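Please keep the structure in view while reading.

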Amino acid sequence: MTLHERHVRGLPLPKLGKNAPRLDPRTFKLAKYLKPPLPLPPSEVSWITKVPQPMPMYLNDALGNCVIAAEAHMINQWTRYAAREVFPTDADVLTVYERVAGYVPGDPSTDNGTDPLSALQDWRKNGLAGRKIIAYMSVDKSNLTEIFQAIMLFGSLFTGIQLPISAQGQNAWTVPSGGAFGDGSPGSWGGHMVPIFAGSPKTFTCETWGQSLKMSRNFFWNYVDETWVVLSQDWLDTTGNAPSGFNMAQLRADIAAL
């Protein structure tokens with residue numbers, strides 16, 4: 001059932017759970033590893049056609065574990081394109097949520113979400129469903145070219161959103177006619193994490209709560225508060241080597257120097 005259908009029927013809405021961005025001066029930035037001159041990305045880029053729909057909710061209908069659920073959706077996307085699909089289970093996602101966020105099953109007071117950086121650090125160190133990532137890099141969310149390069153090279157954009165209340169009843173996320181005020185105020189509903197798998201001149205397409213959902217460019221500019229790319233061997237296996245235009249040797253050297 002879509003978010004819009006839940007809202008229309010007066011059913012409980014799914015949970016959110018992305019906490020405020022946590023900053024770390026050691027965080028790698030994607031721009032450092034893009035090899036100039038890098039060709040401009042196409043006006044439209046998509047890595048969603050092979051993603052099965054609907055996807056699992058990964059408990060995000062009942063728990064504020066959206067950050068971990070987004071990671072699970074990315075694993076499934078990467079491995080679908082690498083032609084060896086891996087579907088993390090609810091149990092896999094719950095294990096990580098317990099470890100990263102301190103959630104204790106049966107104790108609602110411990111269901112407090114988590115910040116993306118803590119989840120990324122754990123993903124690299126401990127893995128999810130047996131899949132560890134190689135690295136993660138922050139993306140300049142104000143730079144449209146870098147955003148499209150990120151999706152083009154890495155298949156997705158790990159995206160944090162301060163959702164407004166107005167998004168609850170929408171089939172697609174747009175800025176309400178009254179602007180980003182009142183029910184349209186950023187964060188008036190809460191923080192959420194999604195992977196963006198596609199972008200076009202007018203919209204981005206994300207995966208959330210088991211469904212593919214579009215957001216307008218203006219919605220992205222008004223409500224997104226952090227963006228990341230995640231490098232996984234599962235994604236590299238789609239071509240057998242590092243993405244074109246990306247300085248993998250420099251990244252490995254920087255990781256080794258940590």
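Helices α2 and α4 are oblique to each other, a class left over once angles under 35 degrees (roughly parallel), over 145 (roughly antiparallel) and 65 to 115 (roughly perpendicular) are set aside. The model is predicted, with local features requiring pLDDT of at least 70 and side-chain atom pairs pLDDT 80 or more, whereas totals for chains, interfaces and linings use all residues. Residues are numbered from 1 along each chain as its sequence is written, and side-chain values use heavy atoms, without hydrogens and water.

Helix α2 spans residues 66-81 and helix α4 residues 116-126; they pack at about 50°, with axes 10 Å apart. Axes are lines fitted to C-alpha atoms, for helices over the stretch in contact, and angles run from 0 to 180 degrees between N-to-C directions. Helices are DSSP runs (H or I, at least four residues) numbered from the N terminus. On the α2 side, the contact (heavy atoms within 4.5 Å) involves Val67, Ile68, Glu71, Met74, Ile75 and Trp78, and on the α4 side Pro116, Ala119, Leu120 and Trp123.

Helix α3 (residues 90-101) also packs with α4, at an angle of about 120° and with the axes 10 Å apart. Here Val96, Arg99 and Val100 of α3 meet Ser118, Ala119, Asp122 and Asn126 of α4.

Definitions and conventions: Helix = DSSP H or I, 4+ residues; strand = E, 2+ residues; numbered from the N terminus.
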